Amino acid sequence: MAAAAGSGAPREEEGPGGDAAAPQPQAPTSVPGARLSRLPLARVKALVKADPDVTLAGQEAIFILARAAELFVETIAKDAYCCAQQGKRKTLQRRDLDNAIEAVDEFAFLEGTLD
């Protein structure tokens with residue numbers, strides 16, 4: 001299976017017998033233009049600075065917050081997409097997010113926020 005060069009996505013390689021091996025983590029590449037975060041770090045930094053309780057945030061902290069936000073959005077989107085598939089749809093709707101929030105215990109802190 002071929003993956004786009006510099007995409008940063010882990011690749012699955014086939015082992016003996018055609019079984020897919022566990023994905024190996026990819027080291028960051030030094031390719032110019034390669035991004036470690038898909039969210040704009042300047043926007044994340046602006047959001048962090050908007051919090052009056054935060055007085056100082058280093059670049060590493062901003063990067064970790066951006067990466068955590070990416071993983072969160074990816075996780076909730078996948079769960080909402082599963083809800084859409086159960087309804088035999090490919091397009092996410094608000095009710096799919098509501099259903100994902102109700103179905104997954106980790107999203108309990110979000111209950112009532114989309115009202």
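**Figure 1. Glutamate 70 and its contacts from elsewhere in the chain.** Leaving aside neighbours within four places in sequence, glutamate 70 is in contact with Ser37, Arg38 and Leu39. The model shown here and in the other views is predicted. Glutamate 70 sits in helix H2, which covers residues 59–86. Its relative accessible area is 8%, so glutamate 70 counts as buried. The side chain of glutamate 70 also makes a polar contact, at 2.9 Å, with the side chain of arginine 67.

**Figure 2. The salt bridge between arginine 67 and glutamate 70.** Arginine 67 and glutamate 70 form a salt bridge. Their closest N and O atoms are 2.9 Å apart. Both residues belong to helix H2. They are three residues apart, which is about one turn of the helix.

Figure 3. The side chains of lysine 78 and glutamate 74 meet in a salt bridge, with 3.2 Å from N to O. How far apart are lysine 78 and glutamate 74 along helix H2? They are four residues apart, so about one helical turn separates them. Glutamate 74 has a relative accessibility of 32% and counts as partly exposed.

Figure 4. Aspartate 98 and arginine 94 both lie in helix H3. Four residues, about one turn of the helix, lie between their positions in the count. Aspartate 98 is partly exposed, at 26% relative accessibility. Arginine 94 is partly exposed too, at 47%.

**Figure 5. Phenylalanine 72 paired with phenylalanine 107.** The structure has two aromatic pairs. Phenylalanine 72 lies in helix H2 and phenylalanine 107 in the segment after H3, so the pair ties together parts that are 35 residues apart in sequence. Phenylalanine 107 is buried, at 4% relative accessibility.

**Figure 6. Phenylalanine 72 paired with phenylalanine 109.** Phenylalanine 72 also pairs with phenylalanine 109. This pair is tilted: the centres are 6.3 Å apart, with 45° between the planes. The pair links distant parts of the chain, 37 residues apart. Phenylalanine 72 is in helix H2, and phenylalanine 109 is in the segment after H3. With a relative accessible area of 57%, phenylalanine 109 is exposed. Together, Phe72, Phe107 and Phe109 form one aromatic cluster.

Figure 7. Which residues make the nonpolar surface patch? Phe72, Val73 and Phe109 make it, and its area is about 300 Å². Phenylalanine 109 comes from the segment after helix H3, which spans 94–103. Patch residues need over 30% relative accessible area. Phenylalanine 109 reaches 57%, so it passes that cut-off.

**Figure 8. Glutamine 59 and leucine 41.** Glutamine 59 and leucine 41 are 18 residues apart in sequence. In space, their C-alpha atoms are 8.7 Å apart. Glutamine 59 is found in helix H2. Its relative accessible area is 46%, so glutamine 59 is partly exposed.

**Figure 9. The whole chain, for orientation.** The chain has three helices and zero strands. From the N terminus on, the order is α-α-α. Of its 115 residues, 15% count as buried. The accessible surface comes to about 9,200 Å². Carbon and sulfur atoms account for 57% of that surface. Among contacts between residues at least 6 apart in sequence, 27% join residues at least 24 apart.

Technical notes:
Residues are numbered from 1 along each chain as its sequence is written. This is a predicted model: local features need pLDDT of at least 70, side-chain atom pairs count only at pLDDT 80 or more; totals for chains, interfaces and linings use all residues. Side-chain values use heavy atoms; hydrogens and water are left out. Patches are made of residues with over 30% relative accessible area and no salt bridge: like charges are joined within 9 Å, nonpolar side chains (Val, Leu, Ile, Met, Phe, Trp, Tyr) within 5 Å. Accessible areas come from the Shrake-Rupley method with a 1.4 Å probe; for residues, only the protein chains shown count as cover. A salt bridge is a side-chain nitrogen of Lys or Arg within 4 Å of a carboxyl oxygen of Asp or Glu. Helices (H or I, at least four residues) and strands (E, at least two) are DSSP runs, numbered from the N terminus. Buried means under 20% relative accessible area, exposed over 50%, partly exposed in between (1.4 Å probe, protein chains only). A polar contact is a pair of N or O atoms within 3.5 Å; within protein, one must be able to donate a hydrogen and the other to accept it, and residues adjacent in sequence count only if both atoms are side-chain atoms. Contact means heavy atoms within 4.5 Å. Rings of Phe, Tyr and Trp (its six-membered ring) pair if their centres lie within 6.5 Å; planes under 30 degrees apart count as stacked, over 60 as edge-to-face and the rest as tilted.
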